[in-house]
Amino acid sequence: MTYSTQALRDAPPRGLLRDALLAASALLMALTLYLVYFWAPTEQNLGVSQRIFYFHVPLGWIGMVSIVVVAAASILHLATGRQKWDDLAYSTAELGIVYASLIIVTGAVWGKPVWGVWWTWDPKLTTTLVLWFIYVGYLMMRSYGPAGAQGKRFAAIIALIGAIDAPIIYKATDWWRTAHPENNVPGGLDDRILITLLVSVLTFTVMYVYLLMERYSLRRSESDLDELYRRVA
Amino acid sequence: MSFIEGLRNSPLFRVALLGALIALGLAAWSAFGTVGAYDVPFGMQPAPAPQAQQSAEANLPFLFAVFIVTWAAFFGYVLYVSRRQREMQGEIEALRRALDDRERSSADQRRETNPNN
């Protein structure tokens, strides 16, 4: 039996850590929904729409973290040339675009009752849209760019440029006049609102790590399979 | 494969399109519901907003829209990943068969060229 067939037969078992993360995210999500809908008080000025905050802020946080992870993995890939870092960058970028899309959609749905418009060219919204385009650009480069190592290097450069956008999004409320609240780090919030927000951020982060592990594992298998196809051909 | 064709065949694009359609539908439903509440015949003063609209629960559809869109996106993505996993399993099976056939045929060839072994 050759190495290739042996590798195909010895598929790695599903990790215990991934199962634990899935269970933890399900439990945390149930707790979060209880806190959001039944425990957290209704904010007086914004009314019930303020509860969108508990979805929108964690999504925003993860969308920004994702591009930094993509960039870090891309740097490691450029420095070492190892396939696993490129797989991590690709998986994170794919998940990042899901989160970035959700930030924009949830923001638009929140903007309508609060500002009266679905969209405005507010600096924070605009820089977030730029982040979305960076993710799209990265994935398009991977799909339609040059094949092999060259395409991976080009995409890594896009990710490095994209990472510059993360601190700009974060500091947008300080640098420009914007409709978003000035405090990025919540301060002066009601204790129940703050606890609900922190639990929600934790929940979405655990779920993100779980989804990333799943996607990364799939991506590794895809890369291995491509390698096997190359050997068979 | 052209760019448009590639995009159309991409499962991620289909999931994103489905999510966008759901979001658009919910948003339109919420918006038309609000507009309809204030509709008056031409030339008349608009009726005051109903009390219910001014209460804290007035924006409940927007909250549910966010909830549904978020979960639809996550479920869509998990479905995409699990479908890709199934497809890959099929590819692994096909590759395994191809490798086994190749090994078998090379073993047969060896036996034919050297029948004493």
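The model is a predicted one.

## Chain A

Chain A contains 8 helices and 0 strands. Read from the N terminus, the order of its elements is α-α-α-α-α-α-α-α. The chain has 233 residues, and 46% of them count as buried. Among the contacts in chain A with a separation of 6 or more, 75% are between residues 24 or more positions apart.

Thr127(A) is an example of a residue in such a helix; its place is in helix H5 of chain A. The relative accessible area of Thr127(A) is 11%, so the residue is buried. Apart from neighbours within four places in sequence, Thr127(A) is in contact with Asp165(A), Ile168(A), Ile169(A) and Ala172(A).

## Interface between chain A and chain B

At the interface, 46 residues of chain A are in contact with 37 residues of chain B. The two chains bury about 3,800 Å² between them, and 78% of this area is on carbon and sulfur atoms. The count of residue pairs in polar contact between chain A and chain B is 2, with both residues at pLDDT 80 or more. On the side of chain A that touches chain B, two or more residues come from each of helix H1 (3-9), helix H2 (16-39), helix H3 (53-80), helix H4 (83-115), helix H5 (123-144) and helix H8 (191-232) of chain A. H8(A) provides the largest share of this side, 13 residues. By residue type, the side of chain A that touches chain B divides into 30 nonpolar, 8 polar and 8 charged residues.

Tyr229(A) is found in helix H8 of chain A. Its relative accessible area is 34%, so Tyr229(A) is partly exposed. With neighbours within four places in sequence left aside, the contacts of Tyr229(A) are with Glu91(B) and Leu95(B).

## Nonpolar core

The largest nonpolar core has 66 residues. Those with the most contacts inside this core are Tyr99(A), Tyr135(A), Tyr138(A), Phe204(A), Met207(A), Leu211(A) and Phe74(B). At least two core residues are supplied by each of H2, H3, H4, H5, helix H6 (149-163), helix H7 (165-175) and H8 of chain A, and by helix H4 (60-113) of chain B. H4(B) gives the most to this core, with 14 residues.

Phe204(A) has contacts in both chains. Leaving aside neighbours within four places in sequence, Phe204(A) is in contact with Met29(A), Tyr54(A), Phe55(A), Pro58(A), Leu59(A), Ile62(A) and Tyr99(A) in chain A, and with Thr70(B) and Phe74(B) in chain B.

## Salt bridges

Side chains of opposite charge can pair when their charged atoms come close. Over all chains, the count comes to 15 salt bridges. Across the interface of chain A and chain B there is 1 salt bridge. The table lists some of the pairs.

| Residue | Partner | N to O distance |
|---|---|---|
| Glu222(A) | Arg84(B) | 2.8 Å |
| Arg219(A) | Asp87(A) | 3.7 Å |
| Asp174(A) | Lys171(A) | 3.0 Å |
| Arg84(B) | Glu87(B) | 3.4 Å |

The side chains of Arg219(A) and Asp87(A) meet in a salt bridge. This pair links distant parts of the chain, with Arg219(A) in helix H8 of chain A and Asp87(A) in helix H4 of chain A, 132 residues apart. Both Arg219(A) and Asp87(A) are buried.

Asp174(A) and Lys171(A) lie in helix H7 of chain A, 3 residues apart, about one turn of the helix. Asp174(A) counts as partly exposed because its relative accessibility is 43%. Lys171(A), at 30% relative accessibility, also counts as partly exposed.

In chain B, the side chains of Arg84(B) and Glu87(B) meet in a salt bridge. The two residues are 3 residues apart in helix H4 of chain B, so about one helical turn separates Arg84(B) and Glu87(B). Glu87(B) has 38% relative accessibility and therefore counts as partly exposed. Salt bridges that share partners join Asp87(A), Glu94(A), Arg215(A), Arg219(A), Arg220(A), Glu222(A), Arg83(B), Arg84(B), Glu87(B) and Glu91(B) into one network.

Key:
Residues numbered from 1 in each chain as written. Chains lettered and ligands numbered in written order. Predicted model: local features only at pLDDT ≥ 70, side-chain atom pairs only at ≥ 80, totals over all residues. Heavy atoms only, no water. Contact = heavy atoms within 4.5 Å. Buried area = accessible area lost by both parts, 1.4 Å probe. Salt bridge = Lys/Arg side-chain N within 4 Å of Asp/Glu carboxyl O. Polar contact = N/O pair within 3.5 Å; in protein donor to acceptor, adjacent residues only side chain to side chain. Helix = DSSP H or I, 4+ residues; strand = E, 2+ residues; numbered from the N terminus. Nonpolar A, V, L, I, M, F, W, Y, C, P; charged D, E, K, R; others polar. Core = buried A, V, L, I, M, F, W, Y, C linked by side-chain atoms within 4.5 Å. Buried < 20%, exposed > 50% of the residue type's maximum accessible area, 1.4 Å probe, protein only.
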